[in-house]
Amino acid sequence: MFENASWHDKLPDENLEVYEPHLRLFFETMYERMLIWKRRFIDQRPRPWTDNKIFRESKFTNVYRELDRNSQWQIKNILLDESLSGINLIWKMMVFRFFNNPETFVKGMQEMGWRNGIPDWKDYDEDEFASFIDRIRQSGENPYTTAYLINSQAAPGKSRDYCYTHLVIPTLHKNIPQLISVVRKAKTPEDIITYLKTMPAVADFIAHEFYQDFTYIPRYRGIEFMKFDQNDFTNVGPGASIGIRLIFPSLKTVREQKQAIYWLRDLAEEWLTKIGDEKGEKMVYLNWDMKKGAYYLTNNCNITLHQIEMWLCEFQKYWKMIIGEGKQRSKFVPKTKNIIVEN
């Protein structure tokens, strides 16, 4: 799959079961990225928040996906809105994630008067929503995220805007009641993923994103939507697959690589504690206090399968920067973030 890539020949010997330098580096980078967040937002230190040149100059996602800017907007403006009914909560969470661009839905609040920037499920009108997206496009702005590729192949020959406003979102709207029923009755996480992938423009990646959003509902709202959490399922995306090859070079099949994610999850506490002891600054983990409506830090390891999978993807990007290969990373430009945190 990656044999023709320029960096392929720099992967560790595929006969090795474990490449120890990369196993350590995987957890060292996870540790350092979380400490950058702590130093910046908890300790309120001035820049630089790290001596690591790559992290200092290039943009990497947080260890906890929910701390990233777009997820923070979704959590604060949709998940924490207790006035939303169950159907509106799921509907608005999913519409947001398809676009994954807070600026789009800020305009939805300002220009359309939509609560949370998205019309209520019962008030949704296909043409009205399409016109809203078209006005954003005509103003020269991109309605969608630049964090990942938006798939518009569900409507060949049509524009991305047409695909989403006249096919993807209307189909989601029509199927929300059934989707909620399927998720609540699902016997396995795969049942949920399989159903999500029946919808246009939903493949493995965005289905996995929806699943992760669903895991936030009990964490932030205290209500059960599905029977599963971040330790019950994760996807092995292309980036994570490369990350696994860096650590466990001999593992090539999807089944083997999924098992590797479990191994890394189970090793996380030992490694992160060891690294923290060596560096003289404990690894911190994120939690949410529902009563206070605030984040707090804990020393109890709660790294999940999802966080391992996501960091494997970031780790392989980090490795490519070390060897001078791969796509150029976006420059890190700090932005003020209003994150609710308790010390």
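**Exercise 1.** Determine which helix gives the largest share of the lining of the second largest pocket, and describe that lining by residue class.

*Solution.* The largest share, 3 residues, comes from helix H9 (residues 204-221); helices here are DSSP runs of H or I with at least four residues, and strands are E runs of at least two, numbered from the N terminus. The model is predicted: local features need pLDDT of at least 70 and side-chain atom pairs pLDDT 80 or more, whereas totals for chains, interfaces and linings use all residues. Numbering starts from 1 along each chain as its sequence is written, and side-chain values use heavy atoms, without hydrogens and water.

Next, a pocket is an open set of points on a 1 Å grid over the protein atoms alone, where a 1.4 Å probe fits, with protein on both sides within 12 Å along at least five of seven lines; lining residues have an atom within 4 Å of a point. The second largest pocket holds about 240 Å³ of space. Of its 13 lining residues, Leu149, Ile150, Asn151, Ala201 and Phe205 are the closest to its centre. By class, the lining divides into 9 nonpolar, 3 polar and 1 charged.

**Exercise 2.** Describe how strands E1 and E2 are joined.

*Solution.* Strands E1 (residues 285-289) and E2 (residues 294-298) run antiparallel and are joined by 5 bridges; pairing requires at least two DSSP bridges. Tyr285 has Thr298 in E2 as its bridge partner. Between the strands of this hairpin lie 4 residues, and Gly293 takes a positive phi near 65 degrees.

**Exercise 3.** State which residues Phe27 touches.

*Solution.* Contact means heavy atoms within 4.5 Å. Leaving aside residues up to four places away in sequence, Phe27 touches Leu264, Leu267, Ala268, Trp271, Leu272, Ile275 and Ile308.

Note on methods
Grid points are joined across faces, edges and corners, and a volume is the space filled by probe spheres set on the points. Ala, Val, Leu, Ile, Met, Phe, Trp, Tyr, Cys and Pro count as nonpolar, Asp, Glu, Lys and Arg as charged, and the others, Gly among them, as polar.
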